[in-house]
Amino acid sequence: MTRPMKLMVDPARVPATTGLADQYGRVAHDLRVSLTDRCNLRCVYCMPRTPDSWQSPDELLTDDEIVRLVTVAVTRLGITDVRYTGGEPLLHRGLEAIIAATARLTTAEGRLPGISITTNAVGLKHRAGPLAGAGLQRVNVSLDTLDDARYAEITQRRRLTSVVEGLDAARRAGLDPIKVNCVPQPAGFRQDAPDLLRFCLSNGYQLRFIEHMPLGRSVEWDRDAIVTREQLVQALTDAGAELTDATEARGAAPAELRRVRFEGLEGEVGIIASVTAPFCRACDRTRLTADGRIRSCLFGQRETDLRGPLRNGADDEEVARLWRQAMWHKPRAHGIDHGGFAATTRPMSAIGG
């Protein structure tokens with residue numbers, strides 16, 4: 001596990017700003033909060049084949065600590081969007097209460113922050129309604145295939161029906177937009193990609209394809225074996241889909257959006273090419289792990305501990321100062337496209353998406 005690094009910061013070098021600025025002119029507005037490192041699936045590209053021991057309860061932030069840190073982020077640090085992740089956030093029993101507390105916050109502009117979750121949707125069928133009632137606005141669902149056997153092979157579980165039912169429940173609960181995140185797998189993407197495109201266009205879901213990223217040394221990753229943006233576009237085109245070029249400048253959004261027409265259906269599809277076309281120059285994210293560490297970059301080696309200061313009596317301004325310092329050291333780029341890239345020791349399940 002990556003150990004938190006003690007920042008040796010010259011306060012004069014950190015600008016006197018209320019926001020989360022870094023040395024390269026970027027400002028973070030999007031907060032990703034991991035609620036747990038646990039998951040009820042074992043996706044082969046996310047979880048180690050033999051998962052490490054789960055973090056103990058005393059290592060994890062309490063619900064009150066999560067809400068306090070999110071409050072500091074929204075009211076003092078310029079965060080306008082909060083996404084709760086895991087592991088699997090639906091395994092966190094206090095999720096509805098945390099969502100409700102977030103929905104009582106207002107940004108510096110006097111607005112409600114955007115509130116979303118990223119989930120595998122296995123338990124969403126029975127939670128979508130209560131979560132929407134608590135203030136959840138949007139949901140991202142991880143789904144890589146509609147083939148039962150391939151889903152079981154990827155996730156090591158047979159829960160595809162639960163996922164489809166969870167998506168339907170989210171739609172009926174009024175969550176909008178509903179995004180489906182797919183990490184194309186080399187063995188089946190030529191069938192899976194068109195199947196998912198048809199499914200999402202038919203149901204009004206927004207499909208996003210994501211290149212497989214290197215997260216965790218215990219998870220196998222081979223740059224030459226990932227399904228690239230170009231391969232994916234070719235697979236969709238070969239299946240009869242008509243795609244435009246990217247529809248507009250994406251800014252800080254990770255997905256390149258393209259209009260698509262397929263089998264009489266029309267809509268939009270997004271491609272997140274984090275490996276072959278990184279968007280680091282416009283990244284506006286900051287991440288809080290379930291054990292209270294700030295990560296300025298998904299792939300970074302540096303972490304900053306907020307849990308310790310919080311439990312040792314730090315007030316909100318001190319927490320905000322530590323957070324600003326951590327973000328000032330955000331790297332220029334993740335470096336996947338360089339030969340010296342070193343993957344973080346934490347798997348995705350312990351970081352949060």
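## Exercise 1: What surrounds helix α2?

Which elements do the buried residues of α2 pack against? Work it out, then find which residues of α2 are buried.

**Solution.** Step one: the buried residues of α2 pack against α1 (63–76), β4 (81–85), β5 (114–119) and α3 (128–134). Before going on, please note that this is a predicted model, in which local features need pLDDT of at least 70 and side-chain atom pairs count only at pLDDT 80 or more, while totals for chains, interfaces and linings use all residues. Residues are numbered from 1 along each chain as its sequence is written, and side-chain values use heavy atoms, with hydrogens and water left out.

Step two: settle the terms. Buried means under 20% relative accessible area, exposed over 50%, and partly exposed in between, with a 1.4 Å probe and protein chains only. Helices (H or I, at least four residues) and strands (E, at least two) are DSSP runs, numbered from the N terminus. A contact has heavy atoms within 4.5 Å.

Step three: go through the helix. Leu95, Glu96, Ile98, Ile99, Ala100, Ala101 and Thr102 are buried in α2. That is seven of the eight residues of helix α2 (residues 95–102), so the helix is largely enclosed by the rest of the structure.

## Exercise 2: Follow the salt bridges

How many salt bridges does a search of the whole structure find?

**Solution.** First, the criterion: a side-chain nitrogen of Lys or Arg within 4 Å of a carboxyl oxygen of Asp or Glu. The search finds 23 salt bridges.

Next, take the named pair. The side chains of Arg293 and Asp305 meet at 2.8 Å, N to O. Arg293 belongs to strand β13 (residues 293–295) and Asp305 to strand β14 (residues 304–305), so this pair ties together parts twelve residues apart in sequence.

Then try another pair, Arg324 and Glu317, whose salt bridge spans 3.2 Å, N to O. Arg324 is buried at 12%, while Glu317 is partly exposed at 37%.

Finally, Arg261 and Glu266 form a salt bridge at 3.4 Å, N to O, and Arg261 is partly exposed at 43%. A network of salt bridges links Arg229, Glu230, Glu256 and Arg258.

## Exercise 3: Step back to the whole chain

What percentage of the 353 residues in the protein chain is buried, and how many helices and strands are there?

**Solution.** Buried residues make up 56% of the 353. The chain has nine helices and 14 strands.
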